[in-house]
Structures are given as C-alpha cells and as structure tokens.
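Please take a look at the model below. Keep the sequence beside it as you read.

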Amino acid sequence: MHGLVSDAVRRIPRDLSLTSASTLATLERTGPRRITDLAAIEGVTQPAMTVLVRVLEQAGLVERRGDPADKRVALVAVTEAGTTYVRNRRRAGADAFVQLIDKLPDDEVAALTAAIPALEHLRALERQGREPPTRPPSSQSGIPQ
C-alpha cells in the first residue's frame, strides 16, 4: 500500500518538495508547532526545518506566531493559502486513485470496497501510535515541590 500511495503521489506535478508538502499537511492536521517539533516529525535537522519554514513563509503558506504558553517560543502555523494547497494536493491524490480504480474489473473494485473497514481500522490504530505524549502537571512529575 505504501508503495502504491508513494508512487501515485510522486506522479502528481508539484511545486514544493515532498518534505515541504508533508510539513504543511502536518501543520494543517495538528495545528501550530515549534520548528524543533516539526523537524522531529519530518525527520530532518532543526536547521533544515528552519530554512524550509522560511521558504514556506515567503510563499505565504505558513506564518510564525507567538506561543501563548511561552512568550519566548515561536510557533509555525499554516495559513489559509497553505490549507488550500494541502487540500488541493489531497484532492489530486484522490483523483489519481479514482483513475486507477476505474481501470480495475468489477470484482476487484468490490474486493477493495470490502477492505475499506479494515483499512480504516488500521489507519486509526496507526494514528493512536502517533499521538504526542501529554505532559503531566508539575505536581505529578515526580519532582518534589
């Protein structure tokens, strides 16, 4: 499945790198993030993510905002233009799959349709594994007050 999805996505013409598009999708899905968090999620170095964010910011796809919880920190947030970009890319990916599915015989389309509940369950299980850990309140951190 991963190979199929990767191949289909790579064939769609794009004006951003896959890492840039993935970063936008992460921000659109999870909300504003620190650059260090984005670097860890996307598997790149913090300096590389800083450059990537600067390019996305110049393109109007992201913006930096102050963190209400920590005034020393800047958060990166997707803009409306960035959200539109992500949604258009998703739509293009879905359209690419529709074109492939249209080439299948009816019995194979039925098999794919029957597999949808299991695939959705797998997706839900995978998402559970990606949820960021929550920080315990300081009184529960094990550090005496």
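This is a predicted model: local features need pLDDT of at least 70, side-chain atom pairs count only at pLDDT 80 or more; totals for chains, interfaces and linings use all residues.

Residues are numbered from 1 along each chain as its sequence is written, and side-chain values use heavy atoms, with hydrogens and water left out.

Start with the core. The largest nonpolar core holds 18 residues. Such a core is a set of buried Ala, Val, Leu, Ile, Met, Phe, Trp, Tyr and Cys residues joined through side-chain atoms within 4.5 Å. Buried means under 20% relative accessible area, exposed over 50%, and partly exposed in between (1.4 Å probe, protein chains only). Leu24, Met49, Val53, Leu56, Val62 and Val76 have the most contacts inside this core. At least two core residues come from each of helix 2 (18-30), helix 3 (35-42), helix 4 (46-58), strand 2 (70-78) and helix 5 (80-101). Helices (H or I, at least four residues) and strands (E, at least two) are DSSP runs, numbered from the N terminus.

Now turn to helix 3. Its buried residues are Ile35, Leu38, Ala39 and Glu42. Seen down the axis of helix 3, they fall within an arc of 100 degrees, so they line one face of the helix. That arc is taken from the directions from the helix axis to the C-beta atoms. These buried residues pack against helix 2, helix 4, strand 1 (62-67) and strand 2; contact means heavy atoms within 4.5 Å. After helix 3 comes Gly43, with a positive phi near 75 degrees.

How do helix 2 and helix 3 pack? Their axes are 11 Å apart, at an angle of about 120 degrees. Helix 2 contributes Thr19, Ser22, Thr23, Thr26 and Leu27 to the contact, and helix 3 contributes Leu38, Ile41 and Glu42. Axes are lines fitted to C-alpha atoms, for helices over the stretch in contact, and angles run from 0 to 180 degrees between N-to-C directions.

Thr23 lies in helix 2. Thr23 counts as buried, at 1% relative accessibility. Beyond its neighbours within four places in sequence, Thr23 contacts Leu38, Glu42, Met49, Leu52 and Leu56.

Finally, find Thr79 in the loop between strand 2 and helix 5. Is Thr79 buried or exposed? Thr79 counts as buried, at 15% relative accessibility. Residues up to four places away in sequence aside, Thr79 touches Gly60, Leu61, Val62 and Glu63.
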